[in-house]
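I opened this entry to record what I looked up in one model. My notes run from the whole chain down to single residues.

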Amino acid sequence: MDHQGSLKQDLYKKSEDDDNFLQKILGKYLPWWPLFIVLIAVSIALGFLYLRYATLVYESSASLLIKDEKKGLDDSNLMESLNLFGSKKIVENEIEIIRSRSIAREVVKRLYLYAPIIQDGRVRDMSAYTFSPVWIEAKNPDSIISAKDIPFTYQAQTNTILFNKNEYSLLEWINSRYGEIRFLPNPYFTYGELSKPFHFSLINTRVATSRVLANLKVAASSKQSTVINLKYRDDVPVRGENILNEIISAYNRAAVNDKNLLASNTLAFVDERLKNVFKDLDSVEHSLERFKTKNRLVDISEQGKLFLSNVGINDQKDAELKMQLAILKEVEKYVLSRDRKSAIVPSTLGITDPVLSGLLEQLYQLEMQYEKIKKTTAEGNPILLSIQDQIDDIRPKIVENINNQVRNIEAGRFDVSRTNLVYQSLLQNLPSKERELLDMSRQQSIKNSIYTFLLQKREETALSYFSTVADSRIIDVAETGNIPISPKRMFVLFGAIAIAILLAIGVVEIKDMLNRNVMFRSEIEKYTKAPILGEIAFDQSDKALVIAEGKRSFIAEQFRQLRTSLGYLGVNSRKKKIMLTSSISGEGKSFITANLGVSLALMGKKVVIIELDLRKPKLSDAFNVSRTKGISNYFIGDMEAEEIIKSTEISNLFIIPSGPIPPNPSELIMNGKIQELLAYLEMHFDYVIVDTAPVNPVTDAFIISPMCDATLFVIRHSYTPRIYLQKLDEQNRIRELKNMAIVFNGVKNRGYGNYGGYGYGYGYGYGYTDDSPEDGKERKRKTKKNSGTQA
């Protein structure tokens with residue numbers, strides 16, 4: 001139960017703290033609501049102005065499907081058989097290739113992005129990609145001289161260009177100081193105000209390439225997908241779509257060119273081998289023909305046929321082994337060669353070992369990947385170095401495999417040769433001519449089989465070359481949304497409002513920080529332990545007396561509340577002496593003294609006010625009392641106490657004026673006469689109010705305070721320096737002001753209107769009675785007393 005009660009108390013305290021925090025925030029900034037409203041209105045207007053003239057940016061998007069060896073996407077068997085030189089891709093590598101500088105540079109050149117055309121607008125210039133009837137092409141884009149705002153005029157009547165004060169026709173090359181350029185018809189020209197001037201700029205292709213890459217975003221649609229999404233941001237939707245479509249086209253062209261390069265190198269190798277084999281076959285056939293003609297050979301014996309068949313089989317095996325040796329030598333030459341372009345040997349040309357074929361395929365894929373990435377990155381790139389290490393690692397394996405196969409083939413040839421020796425010994429029984437004929441026929445058969453094999457491979461390679469397709473498929477061509485992605489309307493407006501609010505808060509905070517005077521009641525509570533007895537609002541009437549019989553203003557009610565609060569300091573019929581002081585002159589202590597005295601007198605109490613601020617006396621003027629004679633005369637012994645007490649126009653209120661201003665006020669106060677005066681007044685009056693000098697210039701208040709029962713310390717809003725408030729407690733510990741309480745005077749509205757922590761009205765709501773409740777009761781009591789006396 002105790003735990004639950006403690007928890008409820010904590011929650012209640014937290015809720016109360018939150019409410020207090022919210023009240024503090026509202027109290028601090030709500031008075032400045034017109035400033036907030038004005039700044040918000042100005043910011044929203046500026047936001048709409050920005051939206052009106054800001055450059056709208058649109059986003060174009062396209063998607064591409066990639067064959068990825070890791071994700072299982074494959075073609076049909078027919079397409080696979082035709083695409084002999086195709087290779088499966090890795091999506092991550094293809095993304096890097098798509099956003100490579102080589103692809104972007106090709107797009108810049110094909111779309112002439114190095115020569116943007118601008119048309120003058122009323123407020124800002126705009127891109128004339130679709131408004132200009134012409135484009136600009138440079139013969140050598142990489143060597144053009146960069147320039148800005150080059151004017152030209154299109155003459156629609158003659159379909160010519162006025163450039164550099166000369167007239168040129170379309171497609172005509174122009175030798176300018178920027179380089180050789182020409183004007184081309186714009187295929188995307190829709191409609192434009194041809195009367196407005198056009199300007200074009202020439203940008204270095206590297207800069208234009210960087211701009212394209214900065215606005216391009218390429219990413220896979222998901223981790224498991226082989227679909228690549230391409231997005232491009234541009235202020236001209238048509239240009240954004242063209243750039244995306246051209247990027248995809250350039251990527252596909254690069255892939256097809258790589259395949260065609262491999263196929264053309266293979267065709268060249270096969271054609272060269274065919275020429276050599278054809279020459280050998282033709283020579284053997286002519287020799288066989290001449291031999292048969294010369295020796296008139298038509299048929300061979302059955303035994304010769306059998307031996308010939310066996311020897312032919314062995315010789316064919318030997319030829320195949322030789323062919324394999326030749327291919328292995330070419331492969332070894334290919335592996336060890338640094339220039340791959342002239343020594344490409346496909347793994348399908350007679351190599352039956354799957355291990356070697358796999359190693360060659362890996363080497364080819366790594367080298368193709370190395371060449372692709374090398375075009376887009378620097379030589380010291382970690383990816384290039386990693387691929388080079390893999391290439392260097394796989395070469396020795398291939399060479400070792402080739403050496404092993406060479407040894408195996410040599411052993412096979414040795415076995416075939418040994419078998420042929422047996423058959424040759426048998427053939428020695430045949431006539432020498434017939435044996436020579438068998439040798440020629442065997443050579444013909446070997447050369448013919450090799451020639452047929454190479455013809456087949458050439459046809460396969462040619463078929464693949466002319467049926468080459470890219471390893472990607474366009475899913476969605478570039479398309480632009482109707483809604484611009486920048487600037488975002490709501491984001492700009494809400495941002496403008498947020499900036500306005502922050503700016504207003506900053507103005508209020510800076511104003512408060514620059515203000516060195518006391519502004520808030522919370523500051524008084526923070527810097528001093530003295531209680532705040534009351535608050536008095538700022539009075540704009542500049543009248544010395546704001547409270548009178550029958551007056552019901554708000555400030556009059558505040559003085560009545562202050563009068564009531566004196567009981568908290570123990571002020572009563574026995575403790576009746578009240579001293580008022582302040583930090584510096586001008587804080588309104590005389591104003592508080594006079595009106596507090598009036599407020600007490602309206603209760604029917606007999607009140608005397610002592611004008612003891614002998615340096616700057618003001619109270620006598622407030623009550624229209626002459627100060628020619630007063631307390632200073634009493635201090636020097638010229639007058640008695642009853643002689644210096646003057647009545648005022650207010651019933652029951654008396655004042656002791658300051659008298660002539662003496663040269664030594666502090667010494668007069670300390671001569672002992674003040675104690676006698678206070679004792680006399682205490683016997684004859686209900687309240688004695690002493691108005692003394694401020695504590696910081698002089699020490700009068702510290703001398704008089706021990707003789708009084710309570711001290712009211714006046715602090716004026718937005719006037720009293722904060723440093724005096726901060727030192728008040730420390731000063732009071734050294735020289736104590738007896739029973740001190742604070743009166744917060746001159747409190748003004750903060751900000752505008754009647755809002756804020758110190759906003760007051762002036763109608764208090766007591767109806768039309770002329771007195772406060774307490775004043776009315778006291779006057780009724782006095783009326784009855786007077787009536788009884790008269791009776």
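The notes below start with confidence and end with backbone details.

**Basis.** This is a predicted model, in which local features need pLDDT of at least 70, side-chain atom pairs count only at pLDDT 80 or more, and totals for chains, interfaces and linings use all residues. Residues are numbered from 1 along each chain as its sequence is written, and side-chain values use heavy atoms, with hydrogens and water left out.

**Confidence.** I looked up pLDDT, the predictor's confidence in each residue from 0 to 100. The mean for the protein chain is 80, and 83% of its residues reach 70 or more. Over residues 72–86 the pLDDT stays under 50, and the model has 28 contacts there beyond four places in sequence; contact means heavy atoms within 4.5 Å. Residues 754–791 are also below 50, with 68 contacts in the model beyond near neighbours in sequence. Where pLDDT is low, the predicted coordinates should not be read in detail.

**Whole chain.** I noted 24 helices and 21 strands. These are DSSP runs numbered from the N terminus: helices are H or I with at least four residues, strands E with at least two. Of the 791 residues, 44% count as buried, where buried means under 20% relative accessible area, exposed over 50%, and partly exposed in between (1.4 Å probe, protein chains only). Among contacts with a separation of 6 or more, 78% are between residues 24 or more positions apart.

**Cores.** Which residues have the most contacts inside the largest nonpolar core? They are Phe 152, Phe 163, Phe 183, Phe 200 and Leu 230, in a core of 56 residues. Helix α7 (residues 237–295) gives the most to this core, with 6 residues. A second, separate core of 40 residues includes Val 608, Ile 610, Ile 704 and Ile 742. A nonpolar core here is a set of buried Ala, Val, Leu, Ile, Met, Phe, Trp, Tyr and Cys residues joined through side-chain atoms within 4.5 Å. I then followed Leu 230, whose contacts include Leu 64, Ile 98, Leu 244 and Ile 247.

**Helix pair.** The axes of α2 (residues 33–53) and α12 (residues 489–514) come within 8 Å and cross at roughly 145°. Axes are lines fitted to C-alpha atoms, for helices over the stretch in contact, and angles run from 0 to 180 degrees between N-to-C directions. Residues of α2 that meet α12 include Leu 39, Ser 43 and Gly 47, and on the α12 side Arg 489, Ala 496 and Ala 500 are among them.

**Single residues.** Is Asp 691 buried or exposed? Asp 691 is in strand β19 (residues 687–691) and counts as buried because its relative accessibility is 1%. Its contacts include Lys 589, Glu 611 and Asp 613, and also Ile 610, which I had listed in the second core. Tyr 568 is in the loop between α14 (554–565) and β15 (577–582) and is exposed at 73% relative accessible area.

**Backbone.** The peptide bond from Ser 486 to Pro 487 is cis, with omega near -5°; Pro 487 lies in the loop between β13 (472–480) and α12. Tyr 112 has a positive phi near 55° and is buried at 19% relative accessibility. Asn 739 has phi near 50° and is partly exposed at 30%.
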